[in-house]
Amino acid sequence: MTICSQCDIEKRSRLLDRTPRLRRAFRDALLISITSPDCHSALVNLSSFKEVIFLQFDDLELEQPAGDSTCEGVPISDQQALDIAHAVQRHRAAPLIICQCEAGISRSAGAAAAILNFHTQDDRP
């Protein structure tokens, strides 16, 4: 499991085009790319990865009750959580899962922790 920022994954994607050894390491990887709804998705070469799923939701600090109209921002939806779960299930044998968000801190780490917790009942790397 790798967690990185949008800038990092875009740099790595450019390197993949020029580095055969690195390309081989990533070709079976699943990339979960998360950005805010008002930002562009990561610019990556889709053929460099086994699968890329693009999700857009905001980085929210506090859990908001469902239907709370005071929530500022777009939280992850149930469907997006299912999209992540289904992608991880499809790529259960993948040697590498990369979770990427704009800063590589909150949303990507949260997705990685949820994946680890699901598979191992432990969200520590």
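This is a predicted model: local features need pLDDT of at least 70, side-chain atom pairs count only at pLDDT 80 or more; totals for chains, interfaces and linings use all residues.

The protein chain contains four helices and four strands. Followed along the sequence, these elements come in the pattern β-α-α-β-β-α-β-α. Of the 125 residues in the protein chain, 33% are buried. The accessible surface amounts to about 7700 Å², and carbon and sulfur atoms account for 52% of that surface. As for contacts between residues at least 6 apart in sequence, 57% of them join residues at least 24 apart.

Let us now consider helix α1, which covers residues 6-18. Its 13 residues should span 18 Å at 1.5 Å a residue, and the end C-alpha atoms lie 19 Å apart, which agrees. Which residues of α1 are buried? They are Q6, I9, E10, S13 and L16. Around the helix axis these residues cover an arc of only 115°, so they sit on the same side of α1. As to their surroundings, the buried residues of α1 pack against β1, formed by residues 2-5, and also against α2, β2 and β4.

I turn next to helix α3, residues 78-90. This helix also has its length on record here: with 13 residues, α3 reaches 18 Å from its first C-alpha to its last, close to the 18 Å expected at 1.5 Å a residue. The buried residues of α3 are Q80, I84, A87 and V88. Viewed down the axis of α3, they fall within an arc of 100°, and they therefore line one face of the helix. On the other side of α3, D78 and R90 are exposed. What covers the buried residues of α3? The cover includes the strands β2 (30-35), β3 (51-56) and β4 (97-101), together with helix α4 (107-120).

The next topic is aromatic rings. The count comes to one aromatic pair. This pair is formed by F26 and F49, and its geometry is edge-to-face, with 6.1 Å from centre to centre and 80° between the planes. F26 belongs to helix α2, residues 20-26, whereas F49 lies in the loop between β2 and β3, so the pair ties together parts that are 23 residues apart in sequence. Are these two residues, F26 and F49, buried or exposed? Both are buried.

T35 is found in strand β2. Its relative accessible area is 1%, so T35 counts as buried. The side chain of T35 is joined to that of Q56 by a polar contact of 3.3 Å. Apart from neighbours within four places in sequence, T35 is in contact with Q6, H40, S41, A42, L55, Q56, F57, E102 and R107.

S36 has its place in the loop between β2 and β3. With a relative accessibility of 10%, S36 is counted as buried. Which residues does S36 contact, leaving aside its neighbours within four places in sequence? They are Q56, F57, D58, E102 and R107.

That concludes the presentation, and I thank you for your attention.

How values were computed. Residues are numbered from 1 along each chain as its sequence is written. Side-chain values use heavy atoms; hydrogens and water are left out. Helices (H or I, at least four residues) and strands (E, at least two) are DSSP runs, numbered from the N terminus. The expected span of a helix is 1.5 Å times one less than its number of residues. Buried means under 20% relative accessible area, exposed over 50%, partly exposed in between (1.4 Å probe, protein chains only). The arc is that of the directions from the helix axis to the C-beta atoms. Contact means heavy atoms within 4.5 Å. Accessible areas come from the Shrake-Rupley method with a 1.4 Å probe; for residues, only the protein chains shown count as cover. Rings of Phe, Tyr and Trp (its six-membered ring) pair if their centres lie within 6.5 Å; planes under 30 degrees apart count as stacked, over 60 as edge-to-face and the rest as tilted. A polar contact is a pair of N or O atoms within 3.5 Å; within protein, one must be able to donate a hydrogen and the other to accept it, and residues adjacent in sequence count only if both atoms are side-chain atoms.
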